[in-house]
Amino acid sequence: MKFTPSKLPSSFKQLKKLKTLWMCEANLVGEIPEVIGDMTALEGLDLSKNKLTGKIPPPLFLLRNLKEIYLYANNLTGEIPQVIEASNLTAIDLSENNLTGTIPDDFGKLENLSSLCYGGKLLGVVAFENNLTGELPKSLGNCDSLIMVDVSRNGLTGNIPSGLCTSLNLSMLRISDNYFTGELPKRVSQYLSLLEINSNNFFGRIPDEVNLWKNLVVFNARNNLFNSSIPKALTALPLLTTLFLDQNQLHGEIPSSMCYLESLQNLDLSSNNLSGAIPKCFCYLESVHVLDLSGNNLSGAIPECLDLGVMKQLHVLDLSNNKFHGNIPNIFPEGNILRTLQLNNNDFDGPLPKSLVSCHHLEVLNLGNNKINDTFPHLLGTLPKLQVLVLRANYFYGQIHSEKELHFPSLRILDLSHNEFSGLLPSSYFRSFKGMMNLLGVQVGYMGDHPDGSPDYYSDSVGLAYDSDSYIDSVVLTLKGHIPSSLKNLAALESLDLSCNKLVAGLPMQLTDLNFLEVLNLSQNQLVGLIPQGNQFNTFPNDSYGGNLGLWGFPLSKKCGYDELSSPVFHEESDSVFGLDWIFVLMGYGCGLVFGFSAGYIMLTLRKPRWLVKRVQRLGNKVLRRLRRYH
């Protein structure tokens with residue numbers, strides 16, 4: 001049912017015997033009237049998910065019979081009112097507002113309080129983000145009836161109050177995305193099942209007493225300042241399914257005793273200073289879905305027993321940015337459900353394992369910056385879901401052309417730069433890149449979303465692989481021959497870089513059909529003839545054609561024939577317009593062959609996913625500034 005916008009009527013004060021007022025999603029606007037404090041019989045109040053503004057009226061928190069207050073997802077401002085010590089409040093949810101100030105110390109004196117939620121998703125409540133500051137009240141540590149505390153995504157500081165973690169019934173503690181500091185408490189409630197302290201400033205050791213946290217299911221301590229080794233005591237947690245210790249300063253080897261975590265599903269130890277080899281017993285972590293060990297100093301070979309025939313649930317394997325070496329073993333049997341494989345920035349050599357063709361669910365394959373010596377992996381073209389293929393900076397060689405029609409139907413990003421490929425540009429591939437071809441009927445979230453829309457605790461695929469300002473997506477080949485007219489089939493192409501090759505003949509007129517083409521670089525080739533006119537081709541600067549003495553027509557000053565022409569020089573600067581690091585544009589850094597794809601346009605149109613839209617907008621402004629230099 002849809003309600004017209006209306007204010008909460010002051011006449012409600014006449015309902016002296018009303019015990020429950022549920023007006024969630026009722027399209028309420030304006031302020032909560034002060035007279036609500038006259039509803040003395042009120043026990044439950046839910047005004048969540050409206051458009052209420054102004055401050056929370058202090059009389060509301062003075063109602064002695066009120067047990068539950070739900071005001072989340074509004075636009076309330078100001079400070080949280082004080083409560084009376086004789087209050088019967090059991091649940092307070094003020095999240096997803098714009099509240100400021102500190103949390104009243106009186107909250108810790110509410111003997112019946114079982115739920116204190118200022119931010120986050122908990123027990124089906126969609127709520128997060130306020131602007132609360134200061135420290136958590138020390139009195140919260142005396143509130144034994146507390147079941148959960150969620151003050152995530154605020155600006156809170158200080159230490160965890162002594163006694164809070166050991167509150168008798170506490171089962172969920174979420175204080176992530178604040179500025180808390182200090183060391184972790186050694187003892188916690190025997191019922192604690194979820195502990196999220198990520199994105200704070202905690203330091204020191206993860207206490208050995210962690211082995212007493214027997215009921216812990218989720219432990220998220222990522223993005224802090226812990227600087228110890230991984231305690232072996234972690235292995236004594238039989239129910240632990242999620243362990244995130246990434247983005248800390250942990251050092252030493254990965255303890256082999258972690259293999260005893262039989263319930264473990266998500267393990268992220270990335271971006272630390274861990275060393276040594278992968279414990280071979282990891283091969284027996286049969287329930288693991290996500291294994292991310294990237295960004296450490298790990299070495300040795302990948303254990304051959306790390307077989308997806310045993311680890312049947314694994315869908316993300318990230319070993320990138322380490323010191324692994326040797327061949328990539330044949331560990332990918334039929335029936336595996338791997339979606340993301342990142343082995344880039346290591347020292348792997350030898351050929352690609354043939355069993356990769358069995359990864360029918362694979363979306364992202366990044367093997368860049370290794371020493372892999374092989375021909376172009378044509379058989380990967382049969383993988384129906386592969387969207388990102390990065391082979392850059394290896395020793396791949398030979399022709400790209402394939403006699404079979406196996407041409408990557410879902411591919412969106414292709415990076416073959418800094419290899420030893422040769423031969424003609426395979427026009428048949430362009431006719432097969434369906435993932436780049438049109439904008440119609442494309443469902444865009446980001447690679448890694450579940451079909452049912454349920455969130456993944458771990459952001460994999462493109463969200464994981466390319467959320468980095470330092471990564472430049474590029475395709476650089478040494479090509480000869482002519483530019484195929486079949487490029488027109490890539491209707492959603494946004495950028496094309498064929499610079500610094502040996503391309504000859506003229507430019508196909510069909511290229512003017514590329515209506516979404518924003519950036520073109522054909523410089524430093526041997527192209528001749530009239531530059532096509534119309535649509536996007538009327539917008540490209542001189543630099544797009546520099547170093548092709550046989551080209552003429554707009555925008556070049558040369559109007560026809562082979563008049564002497566001082567061609568503009570294309571500078572291979574790291575910050576040039578052709579070195580953009582847009583996630584949704586596959587472009588050349590310096591010189592090369594480049595394909596773009598339509599997802600950028602779609603994401604900006606649908607405003608999804610939000611993290612990527614914001615990043616694109618920020619980079620887009622940077623690009624516009626750079627483009628002005630060329631005019």
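These legends walk you through several close-up views of a predicted model.

Local features are described where pLDDT is at least 70, side-chain atom pairs at pLDDT 80 or more, while totals for chains, interfaces and linings use all residues. Residues are numbered from 1 along each chain as its sequence is written, and side-chain values use heavy atoms, leaving out hydrogens and water.

View 1. Helices (H or I, at least four residues) and strands (E, at least two) are DSSP runs, numbered from the N terminus. Of the 631 residues, 56% are buried; buried means under 20% relative accessible area, exposed over 50%, and partly exposed in between (1.4 Å probe, protein chains only).

**View 2. Five strands line up in an open sheet with parallel pairing.** Their order is β1-β3-β5-β7-β9, where strands pair if DSSP finds at least two bridges between them. β1 (6-7) and β9 (98-99) stand at the edges with a single partner strand each, so one side of each has no neighbour in the sheet. Look for T77, whose bridge partner in β9 is N98.

**View 3. C259 and C281 form a disulfide.** A disulfide here is a pair of cysteine sulfur atoms within 2.5 Å; these two lie 1.8 Å apart. C259 is buried at 12% relative accessibility, whereas C281 is partly exposed at 21%.

**View 4. C283 and C305 form a disulfide, with sulfur atoms 2.0 Å apart.** C283 sits in the loop between β24 and β25 and C305 in the loop between β26 (297-300) and β27 (316-318), so the pair ties together parts 22 residues apart in sequence. The S-S torsion is about 55°, so this disulfide is right-handed.
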